Amino acid sequence: LPQVLLALYNAGVVIAVASHDGKPAWCREVMDSYILDTTTGLSWGDLVPEELTFIRCSGEYWPGKTAHFREIRENLPGEPCEFSEMLVFDDSKSVCKQATHLGAVAIRCVGG
């Protein structure tokens, strides 16, 4: 995982997070503590701007992640992208189906 995240980041790909966890502050702590490059001290949290971190699990954000994906799309730096420009990694088959229904490319990560 560290190599993939670093490769995307180094290629200029914007990275966002969509999660259903009920503890967004704790999730951010985990991301900020997950070191990807020990030489530079770069963490997962360094790669994901706060405005592209959507950790919500109530209202329109549950049970699927369609609202998360729309928020990410709308909050990208510069201007919104097309869903067809999004690449989604998720362990849920139904979330991957939601993403592809919107036009994104989804990759199911069985086991998390």
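Author: Not counting residues up to four places away in sequence, Asp90 touches Lys65, Val95, Cys96, Ile107, Arg108 and Cys109. Before going on, keep in mind that this is a predicted model, where local features need pLDDT of at least 70, side-chain atom pairs count only at pLDDT 80 or more, and totals for chains, interfaces and linings use all residues. Residues are numbered from 1 along each chain as its sequence is written, and side-chain values use heavy atoms, with hydrogens and water left out.

So where is Asp90? You'll find Asp90 in strand β5 (residues 87–90); strands here are DSSP runs of E, at least two residues, and helices are runs of H or I, at least four, numbered from the N terminus. Asp90 counts as buried because its relative accessibility is 7%. Buried means under 20% relative accessible area, exposed over 50%, and partly exposed in between, using a 1.4 Å probe and protein chains only.

Now look at Lys65, one of the residues that Asp90 touches. The side chains of Asp90 and Lys65 make a polar contact at 2.7 Å. A polar contact is a pair of N or O atoms within 3.5 Å; within protein, one must be able to donate a hydrogen and the other to accept it, and residues adjacent in sequence count only if both atoms are side-chain atoms.

For a look elsewhere, the charged end of Arg73 sits over the ring of Phe83, 5.1 Å from its centre. That label needs CZ of Arg or NZ of Lys within 6 Å of the ring centre and within 35 degrees of the ring normal. Arg56 does this too: its charged end sits over the ring of Tyr61, 5.3 Å from the centre.

How values were computed:
Contact means heavy atoms within 4.5 Å.
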